[in-house]
Amino acid sequence: MKYFILCFILFPLYLFSQEDINIGSKHNLHSEVLSEERPYWVYLPPEYNNPEFGKASYPVIYLLDGDKNFYTLVGIQKTFTRGMYNNMPECIIVGIPNTDRARDLTPSKSSLKHNGLDIFKNSGGADKFTEFMVSELKHKIDSDYRTNGYNILIGHSLGGLYAITTLLRQTESFNAYIALDPSLWWDNKLIYNEASSIWKSKDFKKRSLYIAMAKDEDKPDDMQEHSKTILSFCNEILFSSSSNNLNGNWKHYPDEDHGTILMPGMFDALRSIFLGIELPVKDIPLNPLLINEYYDKLSLKLGHKFIPDESLIDNLGKYALSVKEKQNAIKIFEYNVNNYPDSKNARKSLASAKELNK
């Protein structure tokens with residue numbers, strides 16, 4: 001009976017103590033370019049609206065097929081930016097759901113038919129979609145949020161085709177391009193052939209490209225040669241020039257199919273692009289100068305100035321205190337005061353470290 005009474009008392013408290021877990025918000029933008037309403041989803045880093053932290057600016061990841069892949073990417077981001085062993089910077093994530101996928105993500109009108117009917121009736125609108133992305137959506141995101149100018153595009157299948165198309169044709173639209181099992185077979189390998197003709201002479205201006213290839217599922221009579229075309233692109237084109245200023249990388253996933261490639265592909269791609277960002281945590285309390293050394297190298301490689309996230313440096317400073325490196329802990333906390341001068345948290349942590357060092 002006493003357990004029943006206890007449950008009766010606690011149950012209302014349990015109900016009132018529940019809070020929703022929200023990882024993003026949904027928005028709409030009317031596109032003049034596309035003459036339609038376009039939905040988009042936004043994830044913000046944990047400390048984005050924290051009044052105790054500085055008003056940092058962030059890279060932005062634009063995710064195609066956003067309604068399907070948003071939760072996966074947010075999970076990867078959180079995995080890579082927790083604690084002190086960070087594999088990427090905190091980013092704003094913008095998921096872009098589809099309205100007419102084949103229209104927006106393909107570079108040319110398809111001639112493919114089935115029983116005499118066009119399979120991709122409205123295809124060939126990639127250039128117009130890029131105009132929407134750059135002049136409308138990116139402009140909106142940059143206006144509404146604190147962005148730092150470094151932008152990443154992620155696309156799968158036709159979205160991967162779109163990513164490589166945009167890298168070739170409008171290179172400066174994004175800083176990094178992730179193509180997951182891209183449909184390079186499209187229109188008799190149009191983009192494959194275009195890349196082959198300009199790859200060695202084009203200046204990619206320190207852009208990054210990561211290609212994830214799923215297992216070979218081509219059938220003997222498959223005219224599209226989906227997997228074969230990706231493999232050929234990676235082996236014969238991707239590294240064919242050492243002077244085109246492209247940070248290129250790719251990986252074959254023999255145990256993943258066209259559908260399951262998404263999670264491991266995004267995971268490895270982000271880790272590859274930001275390779276070098278993970279700090280040697282055990283060494284930082286003894287040599288805080290390593291922070292600048294690592295971030296300067298990363299900035300040089302990616303052609304963009306990166307500074308450590310405030311929460312990362314705060315954790316490193318507290319770790320230095322825990323191993324009795326009080327003087328160096330002060331130097332670590334000073335990074336945050338210099339990088340985030342409006343941060344109450346940074347000033348408080350520095351003051352606490354100085355007090356302990358008296």
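Author: Buried means under 20% relative accessible area, exposed over 50%, partly exposed in between (1.4 Å probe, protein chains only). The model is predicted: local features need pLDDT of at least 70, side-chain atom pairs count only at pLDDT 80 or more, and totals for chains, interfaces and linings use all residues. Residues are numbered from 1 along each chain as its sequence is written, and side-chain values leave out hydrogens and water, using heavy atoms.

Reader: Is isoleucine 76 buried or exposed?

Author: Isoleucine 76 sits in helix 2, residues 66-80 (helices are DSSP runs of H or I, at least four residues, numbered from the N terminus). Because its relative accessibility is 5%, isoleucine 76 counts as buried.

Reader: Which residues does isoleucine 76 touch, not counting those up to four places away in sequence?

Author: Contact means heavy atoms within 4.5 Å. With residues up to four places away in sequence left out, isoleucine 76 touches Met263, Met266, Phe267 and Leu270.

Reader: At what angle do helix 4 and helix 5 pack?

Author: Helix 4 (residues 126-144) meets helix 5 (residues 158-169) with axes, lines fitted to C-alpha atoms over the stretch in contact, 11 Å apart. Helix 4 is roughly perpendicular (65 to 115 degrees) to helix 5. The packing angle is about 80 degrees.

Reader: How far is the side chain of serine 299 from the backbone nitrogen of phenylalanine 306?

Author: Serine 299 belongs to helix 9, residues 289-302, and is buried at a relative accessible area of 10%. Beyond four places in sequence, serine 299 touches His304, Lys305 and Phe306. Its side chain reaches the backbone nitrogen of phenylalanine 306 at 2.9 Å.

Note on methods
Helix = DSSP H or I, 4+ residues; strand = E, 2+ residues; numbered from the N terminus. Axes fitted to C-alpha atoms, helices over the stretch in contact; angles between N-to-C directions. Parallel < 35°, antiparallel > 145°, perpendicular 65-115°, else oblique. Polar contact = N/O pair within 3.5 Å; in protein donor to acceptor, adjacent residues only side chain to side chain.
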